[in-house]
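Here is my note on the structure you sent over. Please read it with the coordinates open.

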Amino acid sequence: MKRLVSLLGACLALFAGSAAAATPGVTADQIRVATIQDLSGPIAILGAPIRDGMVMRFDEENERGGVHGRKLRIAVEDSGYDPKKAVLATRKLLQRDGVFAFLGDLGTPVVMATMPIIVGAGRPHLFPFSPHEATYQPLDPLKFQLFAPYQDYMSAAVQEMVRNNGYKRVGLLYQDDDYGLEVMKGVEAGLARLGQTLVEKTGYKRGATDFASQIARLRAAGCDFVVLATVVRETVGAVSEARKLGWNVDMLVTASGYSAQTHELGGKAMEGLYGVSVMPHPYPAGANERLGEWIERYRTRYDAEPNVWSVMGYNVADVFIRGLRGAGRDLTVASFVHAMENLSTTRDFFGGPAYHFSAQDHLGNRHGRLARIEGGKWVLISDYLK
Amino acid sequence: MKGSLLALVIGAAAIAVLGTSYALSQFAFVATWAIAGLGLSLILGQAGQISLGHGAFLGIGAYVEGALAVAGWPAWASFPLAVLVAAAAGWVAALPGRRLGGMAFAMSTLAIALLVEEALVRWEGLTRGAAGLAIPPLQLFGQTVSGPLGQFVVSALLLLVAYGCCRRWVGSRLGRAWRAVRDDEVAAAAVGIDCGALRSLAFVLGAGMAGLAGALYAHWLAYLSPEQFGLQLSFELLMLVFIGGVGRLSGAIWGAAVFVALPQLIALATDLLPARWAAASGTETMAFGVLIVLIILLRPGGIAGGRRQGRREAG
Amino acid sequence: MFAQVLTSGIATGCVYGLVALSFVLIYKATETVSFMQGELLMLGAFAALYVHEGLGWPLIAAAGAAVAGMFVFGALLERGVLRRAIGQPHLTALLLTFGLGMMLRGAVTMVPAASHEMHRLPLPFAGAHIGFGTVVVAGEHLVVIAATALLCLGLSLFFRLSRAGLALRACSENPRIAALMGVSVSGMHTLAWALGAALAACAGLLLAPMTFVFPGMGLIALKAFPAAVLGGMSSLPGALAGGLFLGVVEAIAGLYLPEGVKDATGYALLLLALLVFPRGLFASRRAP
């Protein structure tokens with residue numbers, strides 16, 4: 001049995017070896033990449049705009065003739081947030097489509113289940129939408145991350161808020177999953193720097209509809225500042241519940257709650273809510289010229305309003321294209337990784353952060369900035385907190 | 001016989017069309033899911049009980065194996081333990097309903113499943129809770145099983161073993177007793193069959209198999225998080241067995257093929273659609289639903305079912 | 001504080017209860033567990049949203065149209081698809097609902113406007129609060145509680161007084177005898193699915209101000225299903241009580257119990273209840 005397995009394994013390795021002679025996914029006039037999104041599962045609301053943003057950036061580049069004469073092709077797979085489906089999709093993309101890299105995969109279970117296969121096959125695993133540390137640490141030549149980790153920027157944001165406003169009793173409402181835990185670590189680390197601890201923390205399960213008990217608990221603990229590790233719907237639910245009781249405590253939500261939907265759905269009750277923004281929302285009103293033109297193009301193309309997730313998808317594709325440009329016409333995984341490790345970007349027309357990568361650090365950005373809902377829209381109130 | 005030939009042809013065609021590693025990876029998941037389906041098939045098809053919480057036993061098996069593999073246990077020790085723990089959980093889950101069967105049984109399995117999911121989140125020392133647990137590849141006889149081929153070989157062998165066991169059980173006195181309880185509890189009790197004990201036994205065996213499937217799943221996925229083992233998985237497994245055909249053991253394999261491979265085929269097919277349609281988010285879900293409805297309307301007894309004698313419900 | 005949390009729990013419980021009611025209504029009449037109640041709920045909310053915002057009907061009319069539309073839709077599903085399951089092993093119908101549910105979810109997701117963002121259904125009183133002493137009740141919670149009470153009253157009158165209601169009850173007690181008495185059993189099946197779909201749509205409308213309208217809102221059915229089971233699966237008041245029980249226990253446990261225990265409490269009590277009342281809290285006392 002053992003011999004049979006190793007024999008067959010050797011055959012397979014041979015196959016793989018012969019295919020690896022040329023860079024997979026790269027031909028004279030084309031580069032194929034892949035993304036695994038959730039288009040039909042619980043976070044499909046994020047998956048669709050992310051995909052649309054990425055595709056839009058790729059098509060733009062293709063219209064200008066592509067990168068070093070190569071057109072970009074992206075294969076989109078829907079995992080429905082099911083890691084089993086994602087693993088199968090990965091095998092397919094690696095084998096049938098022979099893609100060069102995986103870009104902006106969505107969802108921690110999906111990312112964690114597929115990343116070992118992707119990296120094991122020697123393909124770059126780039127900028128996944130997952131807060132898990134393993135996406136950039138320990139350092140692996142093939143793993144790059146673009147998005148600031150919740151731990152880092154929430155620690156900075158909480159410190160900034162507490163220093164400016166002198167809060168004494170900080171509480172936390174968190175979603176009971178990896179996201180909530182990452183935020184909790186960040187908030188606790190930030191408070192520890194100031195010699196404080198969380199006076200109350202209370203969780204909810206994903207899909208919860210009612211936050212009365214959590215808000216009651218936070219209020220009973222006498223919190224004067226509440227951090228929300230919530231997503232849009234829960235942010236609206238929790239803040240509305242507090243305001244309904246007449247509890248006008250200051251609240252700060254992570255970048256997952258920083259969305260135009262928060263004030264669109266929550267209405268007046270959301271006024272004054274603080275949030276952390278990693279990537280600004282593309283508001284048409286007051287947009288600079290390039291942004292306004294971009295919003296218009298997005299609208300006509302997809303018949304929908306762009307949101308912060310579309311911007312992120314666009315950004316993922318954009319940074320990837322910069323990496324490809326740096327790698328030159330002679331594109332291999334090694335030349336791409338080398339180019340990525342020397343990549344520094346400046347602030348773009350969205351007002352997003354500048355990204356820096358190096359051979360020692362594959363995490364492009366660690367910072368977020370504070371924002372506040374004023375007059376029915378998010379207003380940025382600080383620069384990126386370093 | 002005809003069925004296995006058909007399966008071989010389908011398998012060969014899949015490898016030819018899809019390519020080796022993609023097809024083998026699918027077979028590995030089909031085989032793994034089929035093992036869980038076999039277990040549920042014993043409970044449903046033989047003992048005539050509905051389990052609404054089978055995903056939980058899969059979760060228990062997966063987490064036991066995962067935690068032991070992380071702790072460096074060899075597979076020959078950890079796999080049996082994973083199966084045993086899952087089987088023990090099955091025994092516990094069967095306790096409230098063993099006397100009554102029917103709805104009480106279904107309800108208690110549902111409650112247990114919900115509690116297990118909660119426990120997986122809470123027992124952070126063992127499961128890392130919601131942060132998820134990364135699992136090393138399976139080590140077997142000094143070899144690392146990480147590629148699709150190895151995964152397929154291991155899953156297929158274990159499926160064969162599981163299938164063989166189930167056939168023996170079903171064909172033996174035990175199987176006849178199960179069916180007697182299923183068809184007429186009063187008559188079965190009258191000839192001295194201990195209905196409660198038999199139900200429990202079906203559940204222990206079924207949960208053990210789910211545990212085995214879970215242990216494999218843990219390695220094939222390399223990452224576990226409690227949300228993967230919620231009610232949705234339980235319902236999916238239930239549907240898998242029904243669609244394959246409750247009365248026959250081979251139904252579990254067909255059902256697994258439908259649930260694992262069909263969405264993949266649909267994904268391949270949608271790539272051929274015009275871009276406008278392929279880009280619409282729900283296309284694949286919708287197509288899967290349509291196919292399920294068609295399969296059921298065309299083969300109400302399940303794919304493997306053929307003409308099946310109607311199963312009478314208790315009560 | 002206790003009363004405050006309690007009223008929230010009751011409101012949430014009412015929604016669970018309504019969805020549970022729709023499960024039980026269908027189960028009693030057709031012996032089928034419907035796995036598409038969540039999708040019907042979601043579809044009902046989207047229908048109201050479309051009629052209100054797309055066609056510009058006033059909200060009340062839109063809500064009525066959505067519920068009526070879902071009633072017809074439920075009947076059509078029964079006539080067109082589910083009817084074919086009659087005479088087959090009766091789990092066939094359950095499987096069909098599973099497939100139909102996927103189709104519905106897929107179809108709604110295919111509409112870009114539906115899948116790209118969440119929507120608000122501006123129900124009356126949403127956002128308003130009313131104070132009773134120290135307790136502040138959200139307008140939408142009051143609406144939910146009142147609507148649930150009205151719906152239950154309506155249903156119980158329907159089952160007690162109307163011909164169709166009595167016939168439906170007779171059918172679920174014993175279809176064969178009902179048929180002998182001249183009741184059209186297949187007609188009653190259609191009625192049960194229609195009512196079940198309409199009830200789910202009502203739950204969707206009431207849920208809309210709390211969770212907003214999006215393709216995944218049907219997941220609440222995963223919570224309502226245990227509630228229906230707790231009620232014994234065959235008792236309408238039981239389903240409502242089961243929903244209320246789960247909603248209230250969730251809220252109160254969240255207030256007093258430590259992290260890690262609170263989410264499991266409802267289910268632990270469910271299990272306990274099963275041990276003590278193995279046929280569900282409200283199952284009929286008749287021998288099976």
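**Notes on the predicted model**

1. **A helix pair in chain B.** Start with helix α2 (residues 20-46) of chain B and helix α7 (residues 148-171) of chain B, which pack at an angle of about 20 degrees with their axes 8 Å apart. The two helices, α2(B) and α7(B), are therefore roughly parallel to each other. The crossing of α2(B) past α7(B) is left-handed. Bear in mind that this is a predicted model.

2. **What the pair is made of.** On the α2(B) side, the contact residues include B:L24, B:F27, B:A28, B:A31, B:I35, B:L38 and B:L42. On the α7(B) side, they include B:L149, B:F152, B:A156, B:L159, B:A162, B:Y163 and B:V170. How does the contact of α2(B) with α7(B) divide by class, and how many of its residues are charged? It has 18 nonpolar residues, six polar ones and no charged ones.

3. The contact of α2(B) with α10(B) counts 20 nonpolar, five polar and no charged residues.

4. **Chain B as a whole.** Chain B holds 14 helices and four strands. Its radius of gyration is 19 Å, close to the 20 Å that the globule rule gives for 315 residues, so chain B is as compact as a globular protein of that length. Along the principal axes, the C-alpha atoms of chain B fill a box of roughly 60 × 50 × 35 Å.

5. **Chain B against chain A.** Here 32 residues of chain B are in contact with 29 residues of chain A. Four helices of chain B, namely α2, α7, α12 (250-272) and α14 (283-298), each supply at least two residues of the side that touches chain A. Which of them gives the most? It is α2(B), with six residues. By class, this side of chain B has 16 nonpolar, 15 polar and one charged residues.

6. **Chain B against chain C.** This contact takes 37 residues from chain B and 38 residues from chain C. On chain B, the elements that give two or more residues are α5 (102-122), α11 (231-244) and α14. The largest share, 11 residues, comes from α5(B). The side of chain B that touches chain C divides into 25 nonpolar, nine polar and three charged residues. Note that α14 of chain B is listed for the side that touches chain A and for the side that touches chain C.

7. Chain A has 12 helices and 12 strands. The radius of gyration of chain A is 22 Å, close to the 21 Å that the globule rule gives for 386 residues, so it is as compact as a globular protein of that length. The C-alpha trace of chain A spans about 70 × 55 × 35 Å along its principal axes. Chain A is divided into domain 1 (24-148 + 291-341) and domain 2 (150-277 + 369-380). Their centres, taken over C-alpha atoms, are separated by 30 Å. The contact takes six residues from domain 1 of chain A and nine residues from domain 2 of chain A. The domain 1 side divides into three nonpolar, three polar and no charged residues.

8. **Backbone points to check in chain A.** Most residues other than glycine have a negative phi, and most peptide bonds are trans. The peptide bond from A:Q137 to A:P138 is cis, with omega near -10 degrees. A:F127 is not a glycine, yet has a positive phi of about 50 degrees. Where do these two residues lie? A:P138 is in the loop between β4 (125-126) and β5 (143-144) of chain A. A:F127 is found in the loop between β4 and β5 of chain A as well.

9. **Chain C.** There are 12 helices and two strands in chain C. From the N terminus, the elements run α-α-α-α-α-β-β-α-α-α-α-α-α-α. The radius of gyration of chain C is 19 Å, close to the 19 Å that the globule rule gives for 288 residues, so chain C is as compact as a globular protein of that length. The C-alpha atoms of chain C fill a box of roughly 60 × 50 × 35 Å, taken along the principal axes.

Methods. Residues numbered from 1 in each chain as written. Chains lettered and ligands numbered in written order. Predicted model: local features only at pLDDT ≥ 70, side-chain atom pairs only at ≥ 80, totals over all residues. Axes fitted to C-alpha atoms, helices over the stretch in contact; angles between N-to-C directions. Parallel < 35°, antiparallel > 145°, perpendicular 65-115°, else oblique. Left-handed = near helix turned anticlockwise from the far one by under 90°. Contact = placed C-beta atoms within 7 Å. Nonpolar A, V, L, I, M, F, W, Y, C, P; charged D, E, K, R; others polar. Domains from an automatic or database assignment. Rg over C-alpha atoms; globule rule 2.2 N^0.38 Å.
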